[in-house]
There are 2 protein chains.
Amino acid sequence: MTNRQWLLAAHPTGPATTDTWRMVETPMPEPGPGQILVRTLWLSLDPYMRGRISAAGNYTQGVAVGGVMQGGGVGAVIASNHPGWAVGDLVESMAFGWQEYAVLSPDLPGAARANKVDAGLAPPQAALSWLGMPGLTAYVGLLELARPKPGDTVLVSAASGAVGQMVGQIAKLCGARPVAIASSQDKLDWCRSIGYEAGINYRTSTDLGADLRAACPDGVNVFFDNTGGPIHDAAMAQLATHARVVICGRIAVVDQPPEQDIGLRASARMIVTRASIHGLVVFDWWHLREAAMARIAAWHRAGQITFREDVLEGFERMPEAFVRMMSGGNFGKQLVRLA
Amino acid sequence: MTNRQWLLAAHPTGPATTDTWRMVETPMPEPGPGQILVRTLWLSLDPYMRGRISAAGNYTQGVAVGGVMQGGGVGAVIASNHPGWAVGDLVESMAFGWQEYAVLSPDLPGAARANKVDAGLAPPQAALSWLGMPGLTAYVGLLELARPKPGDTVLVSAASGAVGQMVGQIAKLCGARPVAIASSQDKLDWCRSIGYEAGINYRTSTDLGADLRAACPDGVNVFFDNTGGPIHDAAMAQLATHARVVICGRIAVVDQPPEQDIGLRASARMIVTRASIHGLVVFDWWHLREAAMARIAAWHRAGQITFREDVLEGFERMPEAFVRMMSGGNFGKQLVRLA
């Protein structure tokens, strides 16, 4: 019996392509003491992965050429050397990697830890989206960093993405007014259906500043930025006094070297508005995961949170799914379901 | 008896010049009920004034063409209709304006209030620098927003300026390691003499990034930015994890419209470092003025704070002093002493 893995073929210069990875067959791994062997059921595609395959390095160890691509997943335990885990248990971890079978060490600290998945609570793949890392990202970015007040305008880029859809809904629970930026009318219509009160299609807008002013007539109190780039610049120009900005992602510019990322320096706006900007890496906040997931699950049970997935079928489609997500081709959280 | 005033002649496009203002003679003003009449002894030159003469507007009401130029001063009471003030009292206020005689309303809220100056504590003009608004700016920017820890590297642009010299010395009192950026070796040598532990001359540096790395080998934990522009970009590239940035001033780029202020978008660095950036307007912190000035005065009595002034003589030199300050020609806090 063999395992299939996607290995990093080369560090991309510019956008990743389906040639960025290559598939190999390797022997089935064996769990050591205290470890579990899992069969992968779902794999998650997330923009943070782009940083992990950069040659330049990032905030944590990336993937070496020839190494198994990193990524989170949900699977089923098929062998256990750990007293707390039994065959058949459902498991979520950031430490799956792009492979059909993985050996996990459930007790590792932080994001490498393995978490049990309660299939009675939600579909198992929710542990990769609203009941997992993207949900926690939205939760801490909004509630720990931006702290919206009732009546605040909360502007969200990539609003229908895995993080953005949660930001909008949690902002609504805070009594704030979420405004969506997205790449199509379909996405904006759906954002409206989950609680966003206005929306801007940045692909068809001919004057992003004017459209933002119309959608945010009292200015932007919270800007939750998942894209960076020209959308960031346009949003910064609309900040209200004492605005809070969360820099969560920069998918619009992540394929270019940071030193080429040139645009508006926001210093005038920062002084005039006394705004604050916070860089966010969700892995700093893993200690809040249990508490945040309990809150989100409760909101879901109360019918206050919905979520949209975009599922491709088949392990062989992982590179395709990655490219699709990076170009905004997905509508909702990008997942791959293994056969 | 007449008063002399400098009026705004035109909103400058680009740098202000000595033709930006024109002098007029007007009748001596008379104090109304609850007001005092003061003779101006010292006038303060501060970079925030550039925002007040922009046509585009700013965070507060600016100066209209034909209006008396705004600015803080120190004077002596020559007539009083206020029970709390007597002829001969020394007074400081942001509400002097560029004029030889001013009518003040001592009980106005915030920065327009008039404060008694204790000439036993320090030379009266200290109320315009280290015992006044620039001192409060350094105090709240560093201690309320940046909050340095012992051992932190605190990088300060315009380090020998009115705010910068206080930031460096207060950082030192916190057990932090202040590093200066300034425009000449003279200024850097003096910065060293007051506690800065390293310095970079941005005018002679051929590789600001390399010089910053050498001066801040563990990265920049706090960046107190008084200049903006290319210095800002170079400093942002050196931020350490969880760095705090205070955007206090942007004198390097303040003469150009904000929408032309193009440079590095710091989003990658913000995410990698989880840094935070705070825009600072000192007038938001006026409620801390008494407490901050008491602390600073105590540090001064203990010999822990020194201060350098750059004094021009004569009311007629106000425009010259302003242009000098904006171009970095001053060495220390720019003041004008009236005859």
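Predicted model: local features only at pLDDT ≥ 70, side-chain atom pairs only at ≥ 80, totals over all residues.
Across which strands of chain B does helix α6 (residues 229–236) of chain B lie?

Residues are numbered from 1 along each chain as its sequence is written, chains are lettered from A and ligands numbered from 1 in the order in which they are written, and side-chain values use heavy atoms, with hydrogens and water left out.

**Figure 1. Chain A and chain B related by rotation.** Chain B is superposed on chain A by a rotation of 180° with 0.0 Å of shift along the axis, at an RMSD of 0.0 Å. That is the relation of a two-fold axis. The superposition is by least squares on the C-alpha atoms of residues with pLDDT of at least 70 in both copies. The residue of chain B that comes closest to the rotation axis is B:Ile277, whose C-alpha is at 2.4 Å. Both copies use the same surface, as 100% of the contact residues of chain B recur in chain A. Contact here means heavy atoms within 4.5 Å.

Figure 2. The strands follow the order β10(A)-β9(A)-β8(A)-β11(A)-β12(A)-β14(A)-β14(B)-β12(B)-β11(B)-β8(B)-β9(B)-β10(B), and their pairing is mixed. At the edges stand β10 (198–201) of chain A and β10 (198–201) of chain B; each has a single partner strand, so one side of each is left without a neighbour in the sheet. On average, neighbouring strands of this sheet are turned by 15° against each other, direction ignored. Within chain A, strand β11 (residues 220–225) and strand β12 (residues 239–247) pair in the parallel sense over five bridges. A:Val220 has A:Leu239 in β12(A) as its bridge partner. Two strands pair if DSSP finds at least two bridges between them; helices (H or I, at least four residues) and strands (E, at least two) are DSSP runs, numbered from the N terminus.

**Figure 3. Two helices of chain B lying across strands of the sheet.** Helix α6 (residues 229–236) of chain B lies across β8, β9, β11 (220–225), β12 (239–247) and β14 (276–279) of chain B, and runs at about 170° to β11(B). Helix α5 (residues 208–215) of chain B lies across β8 (153–157), β9 (177–182) and β10 of chain B, and its angle to β10(B) is about 175°. Axes are lines fitted to C-alpha atoms, for helices over the stretch in contact, and angles run from 0 to 180 degrees between N-to-C directions.

**Figure 4. Helix α2 of chain B and the residue that follows.** Helix α2 (residues 133–146) of chain B has 14 residues, which should span 20 Å at 1.5 Å a residue; the end C-alpha atoms are 18 Å apart, which agrees. The expected span is 1.5 Å times one less than the number of residues in the helix. Twelve of the 14 residues of α2(B) are buried, among them B:Met133, B:Tyr139 and B:Leu145. Buried means under 20% relative accessible area, exposed over 50%, and partly exposed in between (1.4 Å probe, protein chains only). Just after α2(B), B:Arg147 takes a positive phi of about 50°. Most residues other than glycine have a negative phi.

**Figure 5. The interface between chain B and chain A.** In this interface, 33 residues of chain B are in contact with 33 residues of chain A. The area buried between the two chains is about 2800 Å², of which carbon and sulfur atoms give 58%. Buried area is the accessible area (1.4 Å probe) that two parts lose on being put together, summed over both. In chain B, the residues that lose the most area to chain A are B:Arg265, B:Ile271 and B:Arg274, together 28% of what that side buries. B:Arg274 is found in the loop between α7 (267–273) and β14 of chain B. Although B:Arg274 is not a glycine, its phi is positive, about 50°. B:Arg274 is buried, with a relative accessible area of 16%.

**Figure 6. The surroundings of A:Gly229.** A:Gly229 is found in helix α6 (residues 229–236) of chain A and counts as buried at 0% relative accessibility. A:Gly229 and A:Ala252 are 23 residues apart in sequence, and 5.8 Å separates them in space, C-alpha to C-alpha. Leaving aside neighbours within four places in sequence, A:Gly229 is in contact with A:Val253 and B:Arg265.
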